[in-house]
Amino acid sequence: MTTLAPPPAPVQDGGPRHRVEPPAGGGLAARTRRFFTGAPEDPRWARPALWAVLVLATALYAWNLSSVTGNTFYNAAVYSGTKSWKAFFFGALDSGSFITVDKPPFALWVMGLSARVFGYGTWQLALPMVAVGVGSVALLYRMVKRDFGPVAGTIAALALALTPITVAITRDTNPDPVLVFLMLLGAAALMKAVRTGRLMPLVWSGVAIGFAFNTKMMQAYVVLPAFFLVYLWAAKGSLGRRVRNLAVGTVALVVSSAWWMVVVDLIPASSRPYIGGSTDNTVWDLVIGYNGFGRIFGASSSVGSQGNGASFGGDAGLYRMFNEIMGGQISWLIPFALVALAGGLVLRGRAPRTDAKRAALMLWGGWFVLHYLTFALAEGTFHPYYVTAMAPGIAALAGIGAVMLYRAFQEGSAAKWSWVLPAAVAGSTVWAVVLLQRVSGSGTLYTAAEVVAGVAGAAAVIGLLVGRFTKRQRLMGVAALAAVVALLAGPAAYSVSAATASTNGTNPTAGPNTGGGMGGGGGMGGGQRPSGSAPSETGNAGSGSGTSDGQSTGQPPSGSTSSSESGTAQTGGGGMGGGTQVSSEMITYLKKNQDGATWLVAVATDQTASSIILESGQPVISMGGWSGSDNAMTLAKLKSLVKSGKLHYIVISDSGQGSGTDSAVSTWVKANGTAVTDYSGLYRLDASDVG
C-alpha cells in the first residue's frame with residue numbers, strides 16, 4: 001500500500017463516483033464469507049485490518065478478566081438482582097429492596113442477566129462490558145467507513161480501541177460502556193434516517209437514546225442538540241416533513257426514556273425501594289437533581305445536588321481535558337480532531353444540503369464539542385471515566401480527518417493545504433510528547449512511547465513535506481503511516497498499562513497515577529480482588545463455600561474498601577455507622593444471630609452496605625445512600641422494621657450524628673437498643689424495644 005487514501009470508486013460515463021453493489025444472491029455461505037472477508041468492493045486488506053483492530057480491542061478489554069474487581073457498589077446491586085426480581089427491576093442495592101443505586105438500572109440488567117445465565121462472578125459481570133466495548137469499536141468502524149472509506153474507518157476504530165480511559169472503564173462494571181454503545185446505535189440510526197429520509201430509523205434512534213437515558217440519565221442527552229441539528233439540516237425531504245419526522249422521533253425518545261421512571265414513581269413508596277440519590281424519593285428528582293443540574297452546577301444547584309461538587313478530574317474550566325489528571329486519559333488526539341473538524345467542514349463547504357459527508361462531520365463534531373464543553377465546565381461530581389463518552393467523536397474525527405486532509409494535501413491545488421496536514425501532525429505529536437514527559441519517570445513503557453512518538457512524528461512531517469513537493473506518492477504514504485504511529489504510541493502505552501495493571505474499581509483511570517483522586521462520589525471504596533467463590537451464606541465470611549441456593553459459580557469481588565485488606569470494611573464518613581469498622585468476625589456474628597430477619601444489618605452508606613452484601617451474601621440496609629445524606633431511613637421506618645422482625649442490628653457511630661440523615665434514629669437506637677460489647681457501634685434491637 002502506497003497511500004492512506006482509499007482507492008477511487010469506479011466511474012461510469014464520466015458520472016459521479018458510486019458504490020459497487022455486491023452480486024445478487026449467494027445465499028448464507030456467500031453472506032458468511034463476506035462477513036469475514038468484507039464486501040467485494042473493499043480492498044483486500046480492509047476486513048483483515050478490521051479483525052485485527054477488534055482482536056486488539058478484545059485483548060485490551062478482556063486481558064486477565066477474572067482479576068477485574070469492578071465497582072463494588074454496582075456489583076452488589078447486580079448480585080442482589082440475581083436473588084430478587086424485584087431488586088433487579090428497581091436496581092436496588094440490596095435484595096430486600098430497601099434503597100436503589102443512584103442510577104437507572106439498564107446496565108445492571110445487562111450484567112444481571114449475564115450473572116443469572118453464567119453464575120455470579122467478576123468475569124460474568126465484566127463480560128457484557130467487553131462485548132459492548134468491542135461492539136462500539138465495530139460500530140464506529142462501520143459508520144465512518146460508510147461515508148469515508150475503509151482507511152478512515154480503520155483509523156477511527158483503532159483510535160477508539162486505544163483511547164486509554166475507554167480501556168480502563170471497559171474493564172470495570174460502571175455503566176459507561178453500555179451508555180456509549182447505545183449512543184452509537186442511536187447515531188447509526190440517525191445517519192440512516194438522514195441518508196434515506198425515512199421515519200423509522202429516526203424512531204429507532206430515539207429508542208436507543210432512551211435506553212441510554214435509562215443507563216445514565218441526562219448524560220445520554222448530551223448528543224441530542226447535534227442529532228436534532230444534523231437531521232433538520234441534512235435529511236432528505238421537505239422542511240415540513242423533516243420537522244414532522246423529528247417530532248415523531250422525539251415522542252419515541254420521550255417514551256423510551258420515561259417509561260421506567262413513570263412506572264417507578266407511580267408505585268407507592270411503601271411498595272418499592274427508596275430512590276437513592278433523590279431528595280424526595282422520586283426518580284424525577286434524581287433526574288433533574290443529583291444526576292442532572294447537580295452534575296453541571298455542583299453543590300450550589302438549587303435542585304437535589306446531594307452534596308455534589310467533588311471532582312476527581314481537576315478544576316472545572318476549558319483546560320480541564322488537558323490537565324495533569326485528564327490529559328493522558330483522553331486528550332491525545334484532540335488537537336488533530338479540531339483541525340480535522342475545521343478542515344473537513346471547509347472542504348465540504350459547497351456540498352449540497354443533503355451531503356452525507358458533511359452531515360457526518362456535523363454529527364461527530366457536535367458529539368465532540370458538546371461533550372467537551374459539558375465535561376470541561378461541569379462543576380458537580382466529575383470522574384475521569386465520564387469522558388469515555390467523548391471518545392467516539394474524537395476517534396471518528398481522527399479517522400475522517402486523516403483521509404480528508406491527506407487527500408487535500410495530496411491533490412489540492414491551493415498552497416494552504418500543503419501545510420494543514422503536516423501542521424496537524426506536528427501539533428499533535430508535540431502534545432503527545434508533552435503528555436509523555438509528564439510521566440517520564442514512571443517506567444520504560446512511557447519513555448519508549450515518547451521516543452517513538454517524537455521520532456515517528458518528525459519523520460512523518462518531513463516525509464509528508466518532501467513527498468508533496470517532490471511528487472513522491474510512496475514517500476507520502478509511508479509518512480502518513482508514520483503519523484498514525486506517532487499519534488497512537490502514547491495512547492497505546494496508557495492502554496497497555498490499563499489492561500495489565502490493577503485499577504480503582506470506583507474511579508478507574510489508565511496509565512501512571514497523576515493524582516486523579518481515589519474512590520467515588522462520596523468517599524473511598526474501590527473494591528478488592530476476588531477470592532474465588534460466591535458469598536458464603538453459612539460459616540465464616542469469605543470461606544469460599546457456595547450460596548445456599550447453589551446459584552453462583554464465581555466469586556464476586558470482596559466488596560471491602562481500602563481497609564478490607566486487614567479484614568475490615570470501613571463504614572464511611574460521619575453519620576450513622578460512620579467511622580466504624582465492620583470486620584469479618586462481626587459479619588460472622590451477625591449471620592449467626594440474624595434470627596430470620598430480612599436484613600443482616602443497617603449501616604450508614606452504600607459503600608459499607610455493598611461491601612457487606614458481597615462478603616456475606618445477605619441483604620444489608622444503606623440508611624443514607626451513597627454519601628450518607630439520603631433520607632431513606634426515618635425513625636418511624638426503623639421502628640416498623642424492628643417491630644416486624646425484619647431488622648435486628650444497626651451500626652451507629654460513636655458521635656451519633658446523622659450526617660444529613662435522621663439524627664433521631666441514632667438517639668433512639670442508643671437509648672433503646674442493646675450494645676454488642678464485642679463490636680463497637682453495633683446495637684441489637686427487638687420488637688420488645690419498640691414502645
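Residues are numbered from 1 along each chain as its sequence is written, and side-chain values use heavy atoms, without hydrogens and water. Because the model is predicted, local features need pLDDT of at least 70 and side-chain atom pairs count only at pLDDT 80 or more, while totals for chains, interfaces and linings use all residues.

A search of the whole structure finds 26 aromatic pairs. Rings of Phe, Tyr and Trp (its six-membered ring) pair if their centres lie within 6.5 Å; planes under 30 degrees apart count as stacked, over 60 as edge-to-face and the rest as tilted. The ring centres of Trp-332 and Tyr-494 are 5.2 Å apart, and their planes stand at 70 degrees, so this pair is edge-to-face. It links distant parts of the chain, 162 residues apart. Trp-332 is in the loop between α14 (327–330) and α15 (334–347), and Tyr-494 is in helix α20 (residues 473–500). Helices (H or I, at least four residues) and strands (E, at least two) are DSSP runs, numbered from the N terminus. Both Trp-332 and Tyr-494 are buried. Buried means under 20% relative accessible area, exposed over 50%, and partly exposed in between (1.4 Å probe, protein chains only).

Tyr-589 and Tyr-649 also form an edge-to-face pair, at 5.9 Å centre to centre and 75 degrees between the planes. Tyr-589 lies in helix α21 (residues 584–592) and Tyr-649 in strand β5 (residues 649–651), 60 residues apart. Tyr-589 is partly exposed, at 26%. Tyr-649 is buried, at 2%.

Ring pairs also build a cluster, with Trp-85, Phe-106 and Trp-259 among its members. The charged end of Arg-116 sits over the ring of Trp-85, 3.6 Å from its centre. For this, CZ of Arg or NZ of Lys must be within 6 Å of the ring centre and within 35 degrees of the ring normal.

Leu-370 is in helix α16 (residues 356–377). Its relative accessibility is 24%, so Leu-370 counts as partly exposed. Leu-370 touches Val-222, Val-223, Pro-225 and Ala-226, leaving aside residues up to four places away in sequence. Contact means heavy atoms within 4.5 Å. Leu-370 and Val-222 are 148 residues apart in sequence, yet 6.5 Å apart in space, C-alpha to C-alpha.

Val-117 is in helix α5. At 63% relative accessibility, Val-117 counts as exposed.
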